[in-house]
Amino acid sequence: MIDMTKLRPRDIFFNDPYFDYATCSKPGDLRLAKRVEVFGKWYKTPNLVTTLLSQERLTFSRYTGTDKEDALVLRIYERTADRLLINTYYTSQQNPEEIYAGTIHLERYDMAQTMESFSYMGIIDLLMLQTDSQILELTNVFEDVQMAKHAVAHALGIYLMAICDQPWSDEAVTGGQETPAMMMGKEKEELQQLREEKAQMDADKEELLRLEAKNRTTVLAELERLRQELESERAGREQERKQYEDRIRKQEQYIEKIKETASGQIAELLALRKELNKRQVRPDLSSGQAHRKVTPQEASRSARDPEDRGLDLPSFMTQRDYTRQLDRFLTGRQLALAGGDPDWQRRIQRRFGAVVIISGQPGDDRMLKESALLVINMEDGKTPLIRWAITEAKEKGCPILPIGPTNLNGFAKAIVGRVSG
């Protein structure tokens, strides 16, 4: 009988390699058991858990007006009473075909597990294996998809392990699917049956020995037949066990091969992207082409170092992450931000909590005075708001850093480069 004792949040280990978030949950995380925000919309976590366990599927859609823009789909891949594997997929209007976006692993244990200095009874683990080049097309929404998956996994895991007091699988639903645990139980039942049969045969043997005087030849022949049947049954069981172990070993080798292939393809993509950027910035002078005037855009791209050009890829594939350096710089400091798309501003503010948005409202001059740096997004040029922010920053003695459209890592790199210089 499975012990359904509810776990405390601090007994649950949460590991998200994309956000480098690996730690035990805190008592305050119980608020996630009530509701969770995904793509700007709030959901009640108990209703999500009920729908997931009954329908084995969840869909979170994001709308622009009345039209669906994109969606994150969760589908149960494997389930037991204490273990769930949930695959995640991303769809959009431009690409309605589902793109694999990682797996959520939820599990609670009968005995405490340890990892370095942590001891835990349950785990929320976000896994990701992606070999399809379509992931490169998700650069503009990759952060949102990962954030949504992060929030959903944390909320579901906390609720299932800290509040839900029921097993995660229904035997009436999963009875037709044989899991390794079910197969092991069946083998134990068959072994018990064989032992009972052997005990019965031993009893029969005693009875036959008492009848030996009447028909010794017949008794010996019957005993030999029974012995051969028992040996044949044992040999068949042993062969089936070896075949099962071979299948498990081949599956493990196949998974390792997939991991190696994924690593090699990512390395090749980075090398090809780097070579392509070099060719676009510096045409081959040996081809004899006539000299032409270099445009400001080409000059700007050529001035960027190879490491900076790699920042066009998702941040989990870049060679260097500047966001941690910016986190250290912002310790005890405040950063002001003006200009840029509102969604871009919100993404920056979600990642770096010390960032404040300048919108021309009363009190913005005080925020400029308290800020260590004013970052200006020049994507839309010098708007009235930007001209006002520049004037106020100069009066308050706040340094100014203009940037163009960029992702989180590029934003962090520009600021780190300014403060380091």
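**Exercise 1.** In this predicted model, find the aromatic ring whose face Arg-35 lies over, and give the distance from the ring centre.

*Solution.* Arg-35 is placed over the face of Trp-42, at 4.2 Å from the ring centre.

**Exercise 2.** State how many aromatic pairs the structure holds, then classify the pair of Tyr-89 and Tyr-100 and locate both residues in the chain.

*Solution.* The structure contains six aromatic pairs. For Tyr-89 and Tyr-100, the ring centres are 6.1 Å apart and the planes stand at 70°, and because planes over 60 degrees apart count as edge-to-face, this pair is edge-to-face. Tyr-89 belongs to strand β7 (residues 83-92) and Tyr-100 to strand β8 (residues 99-115), so the pair ties together parts that are eleven residues apart in sequence. Turning to accessibility, Tyr-89 has a relative value of 15% and therefore counts as buried, whereas Tyr-100, at 23%, counts as partly exposed.

**Exercise 3.** Classify the pair of Trp-344 and Phe-411, and decide whether each residue is buried or exposed.

*Solution.* With centres 6.0 Å apart and planes at 80°, the rings of Trp-344 and Phe-411 form an edge-to-face pair. This pair links distant parts of the chain, since Trp-344 lies in helix α9 (residues 342-351) and Phe-411 in helix α12 (residues 408-420), 67 residues apart. The cut-off for buried is under 20% relative accessible area; Trp-344, at 10%, therefore counts as buried, and Phe-411, at 1%, counts as buried too.

Key
Residues are numbered from 1 along each chain as its sequence is written. This is a predicted model: local features need pLDDT of at least 70, side-chain atom pairs count only at pLDDT 80 or more; totals for chains, interfaces and linings use all residues. Side-chain values use heavy atoms; hydrogens and water are left out. Rings of Phe, Tyr and Trp (its six-membered ring) pair if their centres lie within 6.5 Å; planes under 30 degrees apart count as stacked, over 60 as edge-to-face and the rest as tilted. Helices (H or I, at least four residues) and strands (E, at least two) are DSSP runs, numbered from the N terminus. Buried means under 20% relative accessible area, exposed over 50%, partly exposed in between (1.4 Å probe, protein chains only). A charge sits over a ring if NZ of Lys or CZ of Arg is within 6 Å of the ring centre and within 35 degrees of the ring normal.
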